[in-house]
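Please consult the sequence and the coordinates alongside the text.

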Amino acid sequence: MNKWLFKHIDNTGLVLFRVIFGFLITVEAFGAIATGWVRRTLVEPEFTFNFIGFDFLQPLPGPGMYYYFALMGVFGVMVTLGYKYRYSMAAYALMWTCVYLMQKTSYNNHYYLMMLLCWIMVFLPAHRWFSLDAKQNTDLRSPSMPRWVLWFLILQVWIVYTYASVAKWYPDWLNASVPALFMKGKSDYWLIGGLLQENWVHWSIAYVGILFDLLIVPLMLWKRTRLLGFIISIFFHLFNSFVFQIGIFPYMSIAFALFFFSPEILQKRFLPKKTPYTKGEIIVPKHKKLLIGVLSVYFMVQMALPLRHWFFKDDVLWTEEGHRLSWRMMLRSKSGSLSVWTVDKETGKRVRYPHHTLLSKKQLRAVQSKPDLLWQLAQRIEQKEAAAGRDVEVYMDARIRVNGGAYFALIEPTVDLAAEKWYHFKHHDWILPSPKNYMEREYDKKSSDK
């Protein structure tokens with residue numbers, strides 16, 4: 001075990017990844033300002049839907065979030081250059097984690113992966129070559145790293161892709177109806193808009209998506225298929241970048257290839273002055289047991305989180321319970337409608353509440369189909385009414401459709417959501433059964449009556 005984990009190997013792939021990753025997170029920070037993401041997500045809304053339990057994380061007032069992201073961009077530049085690397089990477093990781101936890105309206109798995117990678121990179125020796133730190137401190141300079149570093153990153157990527165593939169193994173994806181729905185909104189794309197409406201394209205997206213996610217890491221690990229896997233990866237991720245416009249994620253995914261190609265190839269292409277490391281020293285750290293323990297716990301958590309939805313009642317596609325942090329990417333299309341009423345506890349007066357006045361357009365689209373956001377909105381309304389001297393109950397009629405199907409009620413409209421508690425690891429009974437489960441229950445009920 002010691003010989004395998006702690007044998008030193010060439011660090012060219014990690015060093016190059018640091019440079020690219022630093023550049024990409026810099027683009028993410030400054031790009032969020034330039035594209036209006038900061039304004040739409042954090043500045044314009046009256047409040048944000050933070051991860052439940054992190055209410056203390058709120059956007060800075062006024063132009064504060066613009067300065068916040070600009071500072072993140074500066075730290076990204078420092079990571080790229082390898083200057084004060086540990087501090088700059090840790091500062092970016094902390095700031096991005098706060099952004100991630102303070103809002104869910106723009107949630108996607110790519111932001112989650114970026115958060116994990118930021119923290120992972122804090123602890124990896126990615127600044128020991130081709131960095132200002134190594135230039136200024138020759139004692140820090142090293143052409144090698146322990147083998148566990150390489151496999152830590154490969155396993156993290158493998159988990160992401162594998163779970164992303166398995167999550168697609170359900171009827172609406174396997175019959176290509178979900179890709180067809182996604183492509184409807186792309187019909188006006190220049191040059192390929194019409195092509196994206198073709199039936200064969202929808203089937204290709206469905207099954208290439210499954211097979212790519214399932215096989216890309218094995219293809220890259222095997223030397224004979226590595227180049228083929230890399231070419232497929234470039235095409236796949238550039239297609240996603242153009243069609244789905246998902247920011248830096250496709251380019252970060254392409255950069256993962258650096259961990260699979262040999263140091264000799266990477267040095268020849270990118271760092272010709274670096275001499276390949278071949279000593280193969282085995283350096284066992286004093287804190288070996290702690291390191292192995294931390295890595296083991298980390299991967300157990302990473303393996304367990306995507307499985308937790310199986311322990312919730314009903315279908316995760318309907319309830320959303322266990323959806324986040326699970327690599328369930330680009331899986332379904334949801335739309336909905338929402339009506340909100342408040343009942344004054346003192347007078348009993350029931351009135352329609354103008355909830356749309358509290359929300360941005362983006363928030364309104366998101367809240368209609370997600371039970372946790374509906375619950376948070378109810379809490380917000382109750383607090384707002386309490387501040388005005390009214391003690392109210394909050395009722396909601398939310399109806400959604402999944403993957404273009406019929407509309408069904410999502411939550412129980414007779415339950416005062418403002419009085420309900422939130423449970424992170426328990427099903428909420430005010431979420432109504434999914435259409436499939438409802439029909440099965442009705443059938444079982446009729447059968448028992450007979």
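Predicted model: local features only at pLDDT ≥ 70, side-chain atom pairs only at ≥ 80, totals over all residues.

**Helix packing**

Two packed helices are described by the angle between their axes and the distance between the axes. Helix α8, residues 147-167, and helix α11, residues 199-221, have axes that come within 6 Å and cross at roughly 155 degrees. Angles over 145 degrees count as roughly antiparallel, and α8 and α11 are therefore roughly antiparallel to each other. The crossing in which α8 passes α11 is left-handed. On the α8 side, the contacting residues include Trp151, Ile154, Trp158 and Tyr161, while α11 contributes, among others, Ile210, Phe212, Leu214 and Val217. By class, this contact between α8 and α11 holds 13 nonpolar, two polar and one charged residues.

Helix α11 also meets helix α12, residues 223-244; these axes come within 9 Å and cross at roughly 140 degrees. That angle makes α11 oblique to α12. The crossing of α11 and α12 is left-handed. Among the residues in contact are Ile205, Val208, Gly209 and Met220 of α11, together with Arg226, Phe230, Phe236 and His237 of α12. The contact of α11 with α12 comprises twelve nonpolar, five polar and three charged residues. Phe212, Asp213 and Ile216 of α11 are listed in the contact with α8 and also in the contact with α12.

**Pockets**

Rolling a probe the size of a water molecule over the atoms shows where empty space is left.

| Pocket | Volume | Lining residues by class |
|---|---|---|
| Largest | About 1700 Å³ | 16 nonpolar, 13 polar, twelve charged |

In the largest pocket, with about 1700 Å³ of space, the lining consists of 41 residues, and Thr105, Tyr107, Asn108, Met330 and Lys362 are the closest to the centre. The elements giving two or more residues to this lining are α2 (12-34), α3 (37-43), α6 (109-122), α13 (249-255) and α17 (361-367).

Which residues lie nearest the centre of the second largest pocket? They are Tyr170, Pro171, Asp315, Val316 and Leu317, from a lining of 29 residues. At least two lining residues of the second largest pocket come from each of α8, α9 (171-174), α16 (316-319), β5 (392-402) and α19 (435-449).

Conventions:
Residues numbered from 1 in each chain as written. Heavy atoms only, no water. Axes fitted to C-alpha atoms, helices over the stretch in contact; angles between N-to-C directions. Helix = DSSP H or I, 4+ residues; strand = E, 2+ residues; numbered from the N terminus. Parallel < 35°, antiparallel > 145°, perpendicular 65-115°, else oblique. Left-handed = near helix turned anticlockwise from the far one by under 90°. Contact = heavy atoms within 4.5 Å. Nonpolar A, V, L, I, M, F, W, Y, C, P; charged D, E, K, R; others polar. 1 Å grid on protein atoms, 1.4 Å probe; cavity = no way out; pocket = protein on both sides within 12 Å on 5 of 7 lines; lining within 4 Å. Points joined across faces, edges and corners; volume = space filled by probe spheres on them.
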